[in-house]
Amino acid sequence: MSVSAQDTPLSARESDPVAMGWMQGTPPPPAKRLSAADRSFFEFPALRYSVAHMRQFLPTVNVSRGVGAPVPFETELRGGIDGVTFTPWGAEEPMTWEESLWANYTDGILVLHRGRIVYERYFGALAPTGQHAAMSVTKSLTGVLAATLAAEGTLDPSKPVTDYVPELEDSAFGNVTVRQVMDMTTNLDYSEDYADPDAEIWEYAQASDSWAAGGDGPVGTLAYLQTIQAAGPPGQAFAYQTPNADVLGWIVARASGLALNELLADRVWSRLGMEQSGYYQVDAVGTPSAGGGFSGGLRDMGRLGEMIRQQGEWQGEQVLPREAIADIRRGGSVEDFARSDHPALEGWSYRDLWWITNNANGAFAARGVHGQTIYVDPAAEMTIVRFASHPVAANAANDPTSLPAYQAVADYLTNQD
């Protein structure tokens, strides 16, 4: 579990996972061993090691990159980015881009401008050859697949969820449309408050644990989804609730006839010249986590983001339908979003499991707890990918030193042209 925003955790330098010696040695000494069974692997500061080694703790399924040679990026490093300054939200003193990386417990950061690498750094336990947990950025991958199937006519967002997954008839999802799932306006009786030990997220996590078997609770993610009930009528407000993403993963698997990992490999991961295969964590019955279980390489996430920035095109090939990307960028209801608990994100919306800033640059993002992001800025022709291990799960803890930093780099790159 992450620390609360009120605690004073070790700094990024003090909690460097390599210096702390997690899981080093054959075997590691008892004091440095981490385990999924007792959840020690995901408690700060140990999570700084685990996020770059999830496959070491949990069962996974592969997302194949295919057998072709990787397509390399062109590199044109901009040394001035480290010195770019901005003022964090609520602060009076400016901060540099480099300072923000330490403030946000960055594990890896990649900045692409017009498809070229202009900035790339790795920290802690992550290396260019490594993979990192994407957390809820995974949701946006699921959203891309759903938007793609919708653009192709394989999936109809206006249809009831039960047309694809009749097993959900007696749950909250028995009275909602696929579109309401895609935009998280389902109104579930479910809390995603990581700081609340009694929130439903922990029961959900227990059901989704790979070792869960027997006992009184549901075993497996899909079994838990069938137990969720509605808090009220759907379609009135946005509420960020992970079960929507796992339901959507179930829907796209049914609509496509492929398991989620196979679908992502077939439609995306094997078509972009990725350097590495990715992987999904799976639950006790082998179901990939569509809401938060994907891990991949930093540059490969950059390839994904760049393809989306270019409206589904990559290396002269239309990999995904332009309409799928246009639907994401179109955004959702600003009014529905305003009714959610995200006061700092005024004017934003949510569509196809992507966060839409509605700012002047038309930026939109995939976001995950502890600081994961793919931030796409069409006007600046920029894509930023960040992997991180912030001690506080909620993005509200790092947004003040992240979102204005992204805008500052966008402005810097635009002014350099």
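Guide: Arg 303 is buried, with a relative accessible area of 0%; buried here means under 20% relative accessible area, exposed means over 50%, and partly exposed lies in between (1.4 Å probe, protein chains only). The side chain of Arg 303 meets that of Glu 275 in a salt bridge, 3.1 Å from N to O. The term salt bridge stands for a side-chain nitrogen of Lys or Arg within 4 Å of a carboxyl oxygen of Asp or Glu. Arg 303 belongs to helix H10 (residues 298-309) and Glu 275 to the loop between helix H9 (260-269) and strand E8 (278-281), so the bridge ties together parts that are 28 residues apart in sequence. Helices (H or I, at least four residues) and strands (E, at least two) are DSSP runs, numbered from the N terminus. Glu 275 is partly exposed, at 29% relative accessibility.

This is a predicted model, in which local features need pLDDT of at least 70 and side-chain atom pairs count only at pLDDT 80 or more, while totals for chains, interfaces and linings use all residues. Residues are numbered from 1 along each chain as its sequence is written, and side-chain values use heavy atoms, with hydrogens and water left out.

The salt-bridge rule gives a count of 25. One of these joins Arg 121 and Glu 98, with 3.0 Å between the closest N and O atoms. This pair also links distant parts of the chain, 23 residues apart: Arg 121 is in strand E6 (residues 116-122) and Glu 98 in helix H3 (residues 97-103). Arg 121 is partly exposed at a relative accessible area of 23%, and Glu 98 is partly exposed at 30%.

Asp 336 and Arg 339 form another bridge, their closest N and O atoms being 2.8 Å apart. Asp 336 counts as buried at 16% relative accessibility, whereas Arg 339 counts as exposed at 53%. Side chains of opposite charge can pair when their charged atoms come close.

Salt bridges also connect into a network, which links Arg 179, Asp 183, Glu 323, Asp 327, Arg 330, Arg 351 and Asp 352.
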